[in-house]
Amino acid sequence: MNVIEKRYPKARVASWCAALAFALTTAAWADAPTNQTATPLTPQAKAVVENLRRIADAGQFVYSWTHPWQETDPAFRAADGDGWRAKDPDEFTFSSRFNDLTGEEPVMYFADLRFVVGTYLGEAQYAKNRASLTAMIRKAWHDYHAVPVFSWHVENPYVPSGWKDPKHGEAPYRYRHSSKGYPQKNKYVFREILEGTGDPCGFGRQKSCTASAPVTTNANPRAWYDARLEEIASFLDGLKGTDGTPIPVVVRLFHECEDDWQWWGLGSASVKEYVDLFRYTVTRLRERTGGAHLLFAYSPDRYWWNMGAEGDNNPHSFMGRYPGDGFVDIFGYDDYQIGTETNMQITVKRQESAIQKMQQITAEARRRGKVCGLFETGAIGSARPDYYDWLYKALTAEGVGFSFVNLWGGYEIPRTPEGKECLKRFLAQPKVLTFRDGIDLTNPNYP
């Protein structure tokens, strides 16, 4: 009996029920093909989903981390007069804080599209970023056949020049309708994109580049957004190995959608608007690239009340904003509540909640023929030296079949000697997979 079951006996009942559901759905899953969104996929892209399924069926999961987080990671950034810049491709070395500590290499890693597309940083900076990130992805592919997962903290097209958030600094993707000075008539940007309405936008610039960067105003958010999709498609098209093989990539759109801190969240976009723009984005990227090497992901935060049902129009259910099986290959959620409190009672309650959410997502993924994972978590603000013990218990609980976990950049390493030892114990577990285990997610014949 674990610590949760001792203190919260109801958890044992939930665990048994989830285990039964897991066993029943696993039997059906094992005999059914993976329900992928686009055909034909490249053999490598199709293998990514099939191998993630096999890994989950074996009770294992891939360990991933966000690398590089372009504003802070020395693998990507170099100092210049503006504070930082993307390294030139010939300067690039594949290293990270995590790699330096553990010697581990990735088979999945997370990056962000906001550094390579947009208007806020200026075209010269975006061009440097694209060259550097492309070099990193190609090297990771050549060395490890590693699969990049792209989040997109897309900037708000109405962000003004030189704007800084008092708490977060110059981070335009956080700019939302509740921020000081935001034009309230343009609160619902998703609606404006979908309808082709709104005002001229895209003229905001980072303070350091306003003098040199030409200001090109877009007619409305739809024009601005379509231009960004064209940039993304061009960038993704360029991700090929030395032999011309398209590198499989996962694109995670509009994450943490049931919160209100993003401008696609609860207070800024209706459920229908969210679903419609998600589908529009997937469709446009497929049309522009062919879509054969692209996989798409859906990832709310942890602030949903129940699973709900697809199309239930419930902003508080997990499935309420689900865009549909035809537009999603992988789903999961973000959760920073695991093992992050010094108070044991709070830690146990949050652990119970996380496990129940994982069990529900696992059952829904298997019912739909999908794979699932924990897209963001980490030791944010944690003083617990046993953080990774809690994370491991959650991911290996009865009824949980997540294929991967991603530790967000900067939060992946507890800052104490005890925490670092706990991480090493975690990585030594046979259920935790990294490149050292000989994994190639893109190999149709693995394992």
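1. Let's start with helix H8, where the buried residues are Val271, Glu273, Tyr274, Val275, Leu277, Phe278, Tyr280, Thr281, Val282, Leu285, Arg286 and Thr289. Buried here means under 20% relative accessible area, with exposed being over 50% and partly exposed in between (1.4 Å probe, protein chains only). Helices (H or I, at least four residues) and strands (E, at least two) are DSSP runs numbered from the N terminus.

2. A word on the model you have open. It is a predicted model, in which local features need pLDDT of at least 70 and side-chain atom pairs count only at pLDDT 80 or more, while totals for chains, interfaces and linings use all residues. Residues are numbered from 1 along each chain as its sequence is written, and side-chain values use heavy atoms, with hydrogens and water left out.

3. For the overall picture, the protein chain has 11 helices and 11 strands. Of its 447 residues, 58% are buried. Among contacts (heavy atoms within 4.5 Å) with a separation of 6 or more, 75% join residues 24 or more positions apart.

4. Back to H8, which covers residues 271-289, 19 residues in number. From first C-alpha to last, H8 reaches 27 Å, close to the 27 Å expected at 1.5 Å a residue; the expected span is 1.5 Å times one less than the number of residues. Its buried residues pack against helix H6 (189-195), helix H7 (221-237) and strand S7 (294-298). After H8 comes Gly290, with a positive phi near 90°.

5. Which residues have the most contacts inside the largest nonpolar core? They are Tyr63, Phe150, Phe254, Leu391 and Phe426, in a core of 94 residues. H8 gives the most to this core, with 8 residues. A second, separate core has 24 residues, including Leu41, Leu52, Ile439 and Leu441. A nonpolar core is a set of buried Ala, Val, Leu, Ile, Met, Phe, Trp, Tyr and Cys residues joined through side-chain atoms within 4.5 Å.

6. The aromatic side chains deserve a look: a search of the whole structure finds 26 aromatic pairs. The rings of Phe254 and Tyr274 are edge-to-face, because their planes stand at 70°, with the centres 6.0 Å apart. This pair links distant parts of the chain, 20 residues apart: Phe254 is in the loop between strand S6 (249-252) and H8, and Tyr274 is in helix H8. Phe254 is buried, with a relative accessible area of 0%, and Tyr274 also counts as buried at 0% relative accessibility. For pairing, ring centres of Phe, Tyr and Trp (its six-membered ring) lie within 6.5 Å; planes under 30 degrees apart count as stacked, over 60 as edge-to-face and the rest as tilted.

7. Trp304 and Phe318 form another edge-to-face pair, 5.1 Å centre to centre with 65° between the planes. Trp304 lies in the loop between S7 and strand S8 (330-334), and Phe318 in the loop between S7 and S8, so the pair ties together parts 14 residues apart in sequence. Trp304 and Phe318 are both buried.

8. Phe61, Tyr63, Trp65, Tyr387, Tyr388, Tyr392 and Phe426 form one aromatic cluster. In helix H10 (residues 387-395), 7 of the 9 residues are buried: Tyr387, Tyr388, Trp390, Leu391, Tyr392, Ala394 and Leu395. The charged end of Lys393 sits over the ring of Trp390, 5.3 Å from its centre; for such a placement, NZ of Lys or CZ of Arg is within 6 Å of the ring centre and within 35 degrees of the ring normal.

9. Why is strand S7 described as largely enclosed by the rest of the structure? Because 5 of the 5 residues of S7 are buried. Leu294, Phe296 and Tyr298 are on one side and Leu295 and Ala297 on the other. S6 and S7 pair in the parallel sense over 4 bridges, where pairing needs at least two DSSP bridges between the strands. Val249 has Leu294 in S7 as its bridge partner.

10. Finally, two loop residues. Asn186, in the loop between strand S5 (147-151) and H6, counts as buried at 3% relative accessibility. Leaving aside neighbours within four places in sequence, Asn186 is in contact with Tyr158, Glu192, Gly198 and Asp199. Ala379, in the loop between strand S9 (371-377) and H10, counts as buried at 12% relative accessibility.
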